[in-house]
Amino acid sequence: MTVRHFTPEGMLQPVPYHHVAVGTGAKHVHVSGQIARQADGTPVAPDDLTGQVAQALRNTAIGLEGAGASFADVLRLTFYVTRWSPEKIGDFMAGVEAVAEEIGLRLPLPPASLIGVEYLFEPDVLVEVEATALLD
């Protein structure tokens, strides 16, 4: 499987993600609903966006690995963040950067969307991550 991330000339730069991903392969992997919880459901980093982003990405890495994939195979990431405001980008990116090397997430990120939402399924959940990967 080959995934190529890039940002063509003429698109907004710099941003913390690539604008385009081109993948070839036959097996799609979708990891969804990853939040800052341990396997037993224990919350991680209550009221801490940085810590929750890091843990949700760790959980995403576990899901990818379970399907035989890694962040190198990821075409796209989607982040849902509660009560989003632009002032939170520093805390958000600190969470990404804190865990990137540990989980093999290259920076800049693959194409990504950060979507602000009012509320996720439980009041202490600040962020949810989804990943789409492609394997041979």
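Arg58 and Glu102 form a salt bridge, with the closest N and O atoms 2.8 Å apart; the term here means a side-chain nitrogen of Lys or Arg within 4 Å of a carboxyl oxygen of Asp or Glu. The pair links distant parts of the chain, Arg58 being in helix H1 and Glu102 in helix H2, 44 residues apart. Helices (H or I, at least four residues) and strands (E, at least two) are DSSP runs, numbered from the N terminus. Glu102 is exposed, with a relative accessible area of 53%, and Arg58 is partly exposed at 28%. For those words, buried means under 20% relative accessible area, exposed means over 50%, and partly exposed is in between, with a 1.4 Å probe and protein chains only.

Before going on, the ground rules. This is a predicted model, in which local features need pLDDT of at least 70 and side-chain atom pairs count only at pLDDT 80 or more, while totals for chains, interfaces and linings use all residues. Residues are numbered from 1 along each chain as its sequence is written, and side-chain values use heavy atoms, with hydrogens and water left out.

Back to the charges. The structure holds 3 salt bridges. Arg37 and Glu122 meet through their side chains in one of them, at 2.5 Å, N to O. Arg37 lies in the loop between S3 and H1 and Glu122 in the loop between S5 and strand S6 (127-135), so this pair ties together parts that are 85 residues apart in sequence. Asp124 also forms a salt bridge with Arg37, the closest N and O atoms being 3.0 Å apart. Here Asp124 lies in the loop between S5 and S6 and Arg37 in the loop between S3 and H1, so the parts tied together are 87 residues apart in sequence.

Two packed helices are described by the angle between their axes and the distance between the axes. The axes of H1 and H2 come within 7 Å and cross at roughly 35°. Axes are lines fitted to C-alpha atoms, for helices over the stretch in contact, and the angles run from 0 to 180 degrees between N-to-C directions. H1 passes H2 in a right-handed crossing, that is, the near helix is turned clockwise from the far one by less than a right angle.

Which residues make the contact? On the H1 side they are Leu49, Thr50, Val53, Ala54, Leu57, Arg58 and Ala61, and on the H2 side Asp91, Phe92, Ala94, Gly95, Val96, Val99, Glu102 and Ile103. Contact means heavy atoms within 4.5 Å. By class, this contact has 10 nonpolar, 2 polar and 3 charged residues. Ala, Val, Leu, Ile, Met, Phe, Trp, Tyr, Cys and Pro count as nonpolar, Asp, Glu, Lys and Arg as charged, and the others, Gly among them, as polar.

Now the core. The largest nonpolar core has 30 residues, of which Leu57, Phe71, Leu77, Phe79 and Leu105 touch the most other members. Such a core is a set of buried Ala, Val, Leu, Ile, Met, Phe, Trp, Tyr and Cys residues joined through side-chain atoms within 4.5 Å. S3, H1, S4, H2 and S6 each give two or more residues to this core, and H1 provides the largest share, 7 residues. Not counting residues up to four places away in sequence, Leu105 touches Leu57, Phe71, Leu77, Val96, Ala100 and Pro110.

Thr60 also lies in helix H1 and counts as buried, at 0% relative accessibility. Leaving aside neighbours within four places in sequence, Thr60 is in contact with Val31, Gln34, Phe71, Val129 and Ala131.

Last, the backbone. A cis peptide bond joins Gln13 and Pro14, with omega about -10°; Pro14 is in the loop between strand S1 (2-6) and strand S2 (20-24). Leu107 to Pro108 is cis as well, with omega near 0°, and Pro108 is found in the loop between helix H2 (89-103) and strand S5 (112-117).

Where does Ala45, with its positive phi of about 55°, sit? Ala45 is in the loop between strand S3 (27-34) and helix H1 (49-66). Arg83, not a glycine either, has a positive phi near 45°. Arg83 lies in the loop between strand S4 (74-82) and H2 and is partly exposed, with a relative accessible area of 42%.
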